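Me: I am new to this kind of model and would like to learn how to read it. Could you take me through it one feature at a time?

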Number of protein chains: 2
Amino acid sequence: MANIKLIIEFDGTGYHGWQSQENAKTVQDTTEAAIVKITGEHSALAGSGRTDAGVHAIAYVANFRTTSRIPPERFSYALNSVLPDDITIVWSEEAHEDFHSRFSSTGKKYRYLVCNTEHRPAIMRNRTCHISEPLDIKLMKEAARQFVGTYDFSAFMAAGSGVENAIRTIRSVSLEKHGEIITFEIEGSGFLYNMVRIIAGTLIDVGRGKIPPDAISDIIDGKNRNNAGKTAAASGLYLVEVYY
Amino acid sequence: MANIKLIIEFDGTGYHGWQSQENAKTVQDTTEAAIVKITGEHSALAGSGRTDAGVHAIAYVANFRTTSRIPPERFSYALNSVLPDDITIVWSEEAHEDFHSRFSSTGKKYRYLVCNTEHRPAIMRNRTCHISEPLDIKLMKEAARQFVGTYDFSAFMAAGSGVENAIRTIRSVSLEKHGEIITFEIEGSGFLYNMVRIIAGTLIDVGRGKIPPDAISDIIDGKNRNNAGKTAAASGLYLVEVYY
């Protein structure tokens, strides 16, 4: 049995996230169906984590076991020939037999895109979060830096997540504006449910002047979800990399 | 009667181009229908030129006459409230009574995006032209420069266009690669039917090594459509600006 690692790009607009669900189109189910078509085997496809409906991935990682004699590096070509055009396998290879896309992971990088224009964007709809009010980038940069470190991020976790340990390490962040697009990137050991979208929503509130940048540490320390900003739209979020 | 100028962004994926057609969804018809909804008047919406099915616009210009008492600068907000989300009016204002979006134009700028990746892009599908072979950017830059000047561009015009005078002036071009995306921009006095897409297809052939960069002048001089490259995909083309 070969353990095949896939790197998957997907436009999440048409999907109810990664994870298999009854009565809903998901990236996992769609990719598993493509594997059945190509190999004739019903393989369980292990993913590197859940993603919400509408969230995108530049390089989601998944793995499955197969007895197929397709060369590992050819799976990308074979699967792309049967996958819909909003899912692309950008890379395939044979991984170590112990490799697991979720449990072997040492961290992730996410990107969040805000389109800061007066009117809703037509071309970048479903690809960004649209904010029409002017945002102060300098304040947002100052606030973004406060997230680096090891903290209990309970204030930045969706209510009812039921996670025992909310301590996570954020290794780096960056925030830049190019034209009308604000790009926020965050890399860390792991992320709580909705954590990046809540951080993005908080940074947007900082940009609007509703939250001062130096309040971030207090919001983290308070461990109260109500002190952070709203969960920003799923359409602005991209999983960029999974580290091993 | 006020002459209202609109600047329109649209994702052309779902449309059979700008120009009104029987039995096909077009940007012109969709925007005219929105004007009827807002003003109650059936106004003819004059556009700055035809666009092909699937071609996008960052700033298409159109104008119409109305007796509506909506303040000119509020038309963008009013129309966006009834337009589908793949068409956005990014600006509206009252123009001079003689202003015509096509006849008053002194030139246009187009952008063409190539996604140069091994596998088809999922997120940038319908937004770029995908070319999987490696492209030599240096050769493409060299070739792009040859288009600047005033020439008879018959070789870069769709067959059967029936234009009497194919002389056009290209004022500037640029070609850059950032990551996997090659951005080609071209500005000129006017463009023949399919001209930018044929130039893009020719530059792609240069990048592949099929056409040497110094052959461009000969191709222009030959005035023979068969010597130029194929018409590149509509999905990579954006109307960026109309000059007045």
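Me: What should I know before I start?

Reply: This is a predicted model, in which local features need pLDDT of at least 70, side-chain atom pairs count only at pLDDT 80 or more, and totals for chains, interfaces and linings use all residues. Residues are numbered from 1 along each chain as its sequence is written, chains are lettered from A and ligands numbered from 1 in the order in which they are written, and side-chain values use heavy atoms, with hydrogens and water left out.

Me: How many residues from chain B and chain A take part in the contact?

Reply: Contact means heavy atoms within 4.5 Å. Here, 27 residues come from chain B and 27 residues from chain A.

Me: And what is the buried area between chain B and chain A?

Reply: Buried area is the accessible area (1.4 Å probe) that two parts lose on being put together, summed over both. For chain B and chain A this is about 2,100 Å², with 47% of it on carbon and sulfur atoms. Of the area that chain B buries against chain A, 37% is supplied by B:His119, B:Arg120 and B:Ile123, more than by any other three residues.

Me: Next, the pocket. What is the volume of the largest pocket?

Reply: The search uses a 1 Å grid over the protein atoms alone: a pocket is an open set of points where a 1.4 Å probe fits, with protein on both sides within 12 Å along at least five of seven lines, and lining residues have an atom within 4 Å of a point. Grid points are joined across faces, edges and corners, and the volume is the space filled by probe spheres set on the points. The largest pocket comes to about 1,700 Å³.

Me: Which residues lie nearest the centre of the largest pocket?

Reply: A:Leu113, A:Met124, A:Ile181, B:Leu113 and B:Met124 do, out of a lining of 40 residues. Strands are DSSP runs of E with at least two residues, helices are runs of H or I with at least four, and both are numbered from the N terminus. Among the elements that give two or more residues to this lining are strand 5 (107-115) of chain A and strand 5 (107-115) of chain B.

Me: How does the lining of the largest pocket divide into nonpolar, polar and charged residues?

Reply: Ala, Val, Leu, Ile, Met, Phe, Trp, Tyr, Cys and Pro count as nonpolar, Asp, Glu, Lys and Arg as charged, and the others, Gly among them, as polar. The lining has 19 nonpolar, 10 polar and 11 charged residues.

Me: Now single residues. Is B:Glu9 buried or exposed?

Reply: Buried means under 20% relative accessible area, exposed over 50%, and partly exposed in between (1.4 Å probe, protein chains only). B:Glu9 is buried because its relative accessible area is 12%. This residue is found in strand 1 (residues 2-10) of chain B.

Me: Which backbone nitrogen atoms lie within reach of the side chain of B:Glu9?

Reply: A polar contact is a pair of N or O atoms within 3.5 Å; within protein, one must be able to donate a hydrogen and the other to accept it, and residues adjacent in sequence count only if both atoms are side-chain atoms. A polar atom of the B:Glu9 side chain lies 3.1 Å from the backbone nitrogen of A:Ala122 and 2.8 Å from that of A:Ile123.

Me: Where is A:Arg197 found?

Reply: A:Arg197 is found in helix 4 (residues 195-208) of chain A and is buried, at 13% relative accessible area. The A:Arg197 side chain makes a polar contact of 2.7 Å with the side chain of A:Asp52, and also reaches the backbone oxygen of A:Ala232 at 2.7 Å.

Me: Why does B:Ser81 count as exposed?

Reply: B:Ser81 counts as exposed because its relative accessibility is 59%. The residue sits in the loop between helix 2 (75-80) and strand 4 of chain B, and its side chain reaches the backbone oxygen of B:Ala78 at 2.6 Å.

Me: What is phi of A:Lys223 near?

Reply: Phi is near 55 degrees there, a positive value in a residue other than glycine. A:Lys223 lies in the loop between helix 5 (216-222) and strand 10 of chain A.
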